[in-house]
Amino acid sequence: MVHQEGLTDNSYHGADFEGWIVSAGNGTITAEDGKMSELWSARYSIIRKCCRLLENMDKAYFVDEPEREKIRGEAIILRVYYHWELMRYLWVGRRHSYC
């Protein structure tokens, strides 16, 4: 997970993990960089799994209907969370008010 603190002066000069913190901090990192590609792939994989679960929820047998709704809600929240994570990585270093 990318920690935004890693893009500040606190880590920029002292803890450059595999050389990608510097490129993220100075704005030269791209989607083709290995670390960002890994981050994006991992998040999209989870989003895809959540979507597939939601698409097939009604086909599954549940003894307890409230359990189905609980799992549906958790999948929706996880999907939203990982979309949020992708948005944060896209806007690293930009001055947007999204909080």
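Q: Which residue's backbone oxygen is reached by the side chain of Asn 56?
A: This is a predicted model, where local features need pLDDT of at least 70, side-chain atom pairs count only at pLDDT 80 or more, and totals for chains, interfaces and linings use all residues. Residues are numbered from 1 along each chain as its sequence is written, and side-chain values use heavy atoms, with hydrogens and water left out. Asn 56 sits in helix 3; helices (H or I, at least four residues) and strands (E, at least two) are DSSP runs numbered from the N terminus. A polar contact is a pair of N or O atoms within 3.5 Å, where within protein one must be able to donate a hydrogen and the other to accept it, and residues adjacent in sequence count only if both atoms are side-chain atoms; at 2.8 Å, the side chain of Asn 56 reaches the backbone oxygen of Arg 52.

Q: Is Asn 56 buried, partly exposed or exposed?
A: Buried means under 20% relative accessible area, exposed over 50%, and partly exposed in between (1.4 Å probe, protein chains only). The relative accessibility of Asn 56 is 31%, so this residue counts as partly exposed.

Q: What distance does helix 3 reach from its first C-alpha to its last?
A: Helix 3 covers residues 34-56 and has 23 residues. The expected span of a helix is 1.5 Å times one less than its number of residues. The expected value for helix 3 is 33 Å, and the reach in the model is close to it, at 33 Å.

Q: Which residue forms a salt bridge with Asp 58?
A: Asp 58 lies in the loop between helix 3 and helix 4 and its partner in helix 4, so the pair ties together parts that are 14 residues apart in sequence. Asp 58 is exposed, at 62% relative accessible area. The closest N and O atoms of the bridge are 3.2 Å apart, and the partner is Arg 72.

Q: Which residue joins Asp 58 and Arg 72 in a network of salt bridges?
A: Arg 72 also forms a salt bridge with Glu 69, with the closest N and O atoms 3.4 Å apart. These two are three residues apart in helix 4, which means a separation of about one helical turn. Glu 69 is partly exposed, at 41% relative accessibility. The network links Asp 58 and Arg 72 with Glu 69.

Q: Which residue's backbone oxygen does the side chain of Arg 68 reach?
A: Arg 68 belongs to helix 4 and is buried, at 9% relative accessibility. Contact means heavy atoms within 4.5 Å; leaving aside neighbours within four places in sequence, Arg 68 is in contact with Met 57, Asp 58, Ala 60 and Phe 62. The distance from the side chain of Arg 68 to the backbone oxygen is 2.5 Å, and that oxygen belongs to Met 57.

Q: What share of the accessible surface belongs to carbon and sulfur atoms?
A: Accessible areas come from the Shrake-Rupley method with a 1.4 Å probe; for residues, only the protein chains shown count as cover. Of the 99 residues of the chain, 25% count as buried. The accessible surface of the chain comes to about 7100 Å², and the carbon and sulfur share is 55%.

Methods. Salt bridge = Lys/Arg side-chain N within 4 Å of Asp/Glu carboxyl O.
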